[in-house]
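User: I would like a close look at one part of this model. Please keep it brisk and define your terms as you go.

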Amino acid sequence: MKEATKTIARDVGRILQALAGLMFASALVSLAWGEYYAVPAMVAAGLLPFALGRTLANAFREAADPGKLHGMIIAALGWFSVAVFGSLPFLFIAWTAELALAPAVLGAPARTGTLAAFTSPLNALFESMSGFTGTGLTMVDDEAVLPRTLQWWRTFSEWVGGVGVIVLTTAILARPGSGSLTLYESEARSDRIHPSIVSTVQTIWWIFILFTFVAILLLWLAGMPIWDAINHAMTGLSTGGFSVTDESIATYDSAVIDFTLVPVMLAGSIAFPVHYLILRGDLRNLYRDLQTRWVFIYMSAGSLLLWALVYTSGTYDSPFEAFRYGLFQFVSAATCTGFQTAVDATNVALGRWPAQAQLTVTFAMVIGAAAGSTVGGIKLIRALTLMRGIQHRISDVFYPKTAVRRLKINGRRLSEEEAAREIEEAAIIAVLWFVFLVVGVFVLLAALPAGEYSLENVFFEVASAQGNVGLSAGITGPETLPTAGKVMFLFNMWIGRLEIIPVLVTLRSLFRRGGVYR
Amino acid sequence: MRARLSLVVDWVSETGPNDPVFDSLLLTGPLVVALVVVLGRSPITTAVAAAYVGFFAAYVPYKALQ
């Protein structure tokens, strides 16, 4: 076996071991809620990745540190493996209920149509991929009837996925050296808090855990029951968006809860290094850091625009209602959280908002917020780099050829070569993003029943999947989304979380090795 | 058990922004949530939770002003 394969196998094995640990820990939730029938399912689900992960990690213990190429493949395969094995709790618990596998002493799980959807491996994989990538699109018809164990597993997968499974693995199975840095960067992160990557990821977890406690108590004070507050704080902060209720946040129909969740989602959309500096007492980073400054500018401007669009179109009767729903849905989309307050049960569903309002929300999902946070999308820094780059190139014409000009981004004065590299990287990712968005739209248009959904609905749903947002115009569901659509969305969510390039690198490597081309 | 607790305390004090107040908030966070879970909504638990959130919200700007 080649050295590169050994390195990849060893590190994917370590990721699987970390995943197994999460599953074993989640069995405690089954015990706490008296869902004893779920314990064997959770333990069995954990044993498979543990056995495979331990075998791989031990067999190739001495493999070399990963390089950039290996890091990308490890990230792509690691995330895909996590999604595959993370689907086992859904699958096993659903089959436990379906076949009445649990002995009488462990109690019987409720057999519901919602749970039965997970007897399909594709639905279980969809839910798992959606969870770990922090997307939040779901195969669940009614979250409230799910066993608490699965409600927790969905939440926990988003919470961990928000920070990153590789960041988790690096923090738990700390391994100093260049290998950790390569893996850290391959998971769409670059900024460091400390010189050491292990210290950096541990600080990221420190901040994330503290903010989670604050968010839980904040939501509970706003009026949520504590179980709901725990789950929504975790999925809100990780900008995942899974809910434990059927109508997402609209269930509570409370303006206080809506407004309380806005800062929780915003906290998740600001880069961890900035949070660290703020906790150190340097509040100036709220406006001095380019991305953080633009998070606030962009959220304010977008919310006001959406408010104006839904109010002037008569979607809502009062300016306050329009502001409440416009603000929440724009922040939810732009932070890539995907909590929904605009649903039919309480007001006007997103899928029935005017087309221009839906497209505004779609635009928010495409851009996302700050790189280095838990959000998806293209990221603000790339959008800003592209805008500055275009401005720089156009103004170039007005200067003499001999003029030495520097592009300034986030306080850094870039040389011509550096500027070209950064603009090129941002442009490549943006172009790839739109290419796969269009591919997704084509696949969905072909797969969905003709005339059932409008083009803006389809664009909205694909952008939501690829931006790891989770807002739905009503297309995603176990029955409503055809198999081709589910497979396409699995791919969209996977590439969206890893910012496309690592997945393309992995596919190219696999096809070359497999002799599919050349 | 004591060794494990000590490991957690060491981890918390070594990894954060080197501030004993934030470290204490992180360490007491699970206890406050557990208190709310066990006792439910009451004036006491509401006051404890509000104090926790309020302390965090007030300490961040206070630290910046120092």
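How many residues does the contact take from chain B and from chain A?

Analyst: This is a predicted model, in which local features need pLDDT of at least 70 and side-chain atom pairs count only at pLDDT 80 or more, while totals for chains, interfaces and linings use all residues. Residues are numbered from 1 along each chain as its sequence is written, chains are lettered from A and ligands numbered from 1 in the order in which they are written, and side-chain values use heavy atoms, with hydrogens and water left out.

The contact takes 29 residues from chain B and 25 residues from chain A. Contact means heavy atoms within 4.5 Å.

About 2,400 Å² is buried between chain B and chain A. Buried area is the accessible area (1.4 Å probe) that two parts lose on being put together, summed over both. Carbon and sulfur atoms give 80% of it. On the chain B side, P17(B), L26(B) and R41(B) lose the most area to chain A. Together they account for 23% of what that side buries.

Next, the polar side of the interface. The rule finds 0 salt bridges between chain B and chain A. A salt bridge is a side-chain nitrogen of Lys or Arg within 4 Å of a carboxyl oxygen of Asp or Glu. Polar contacts are present: 6 residue pairs, both at pLDDT 80 or more. A polar contact is a pair of N or O atoms within 3.5 Å; within protein, one must be able to donate a hydrogen and the other to accept it, and residues adjacent in sequence count only if both atoms are side-chain atoms.

Which elements of chain B give two or more residues to the side that touches chain A? They are α1 (2–15), α2 (20–39) and α3 (43–65) of chain B. Helices here are DSSP runs (H or I, at least four residues), numbered from the N terminus. α3(B) gives the most to this side, with 11 residues.

By class, the side of chain B that touches chain A has 19 nonpolar, 7 polar and 3 charged residues. Ala, Val, Leu, Ile, Met, Phe, Trp, Tyr, Cys and Pro count as nonpolar; Asp, Glu, Lys and Arg as charged; the others, Gly among them, as polar.

The structure holds 17 salt bridges over all chains. In one of them, the side chains of R382(A) and E499(A) meet at 2.8 Å, N to O. The pair links distant parts of the chain, 117 residues apart. R382(A) lies in helix α18 (residues 380–396) of chain A. E499(A) sits in the loop between α21 (483–498) and α22 (501–514) of chain A.
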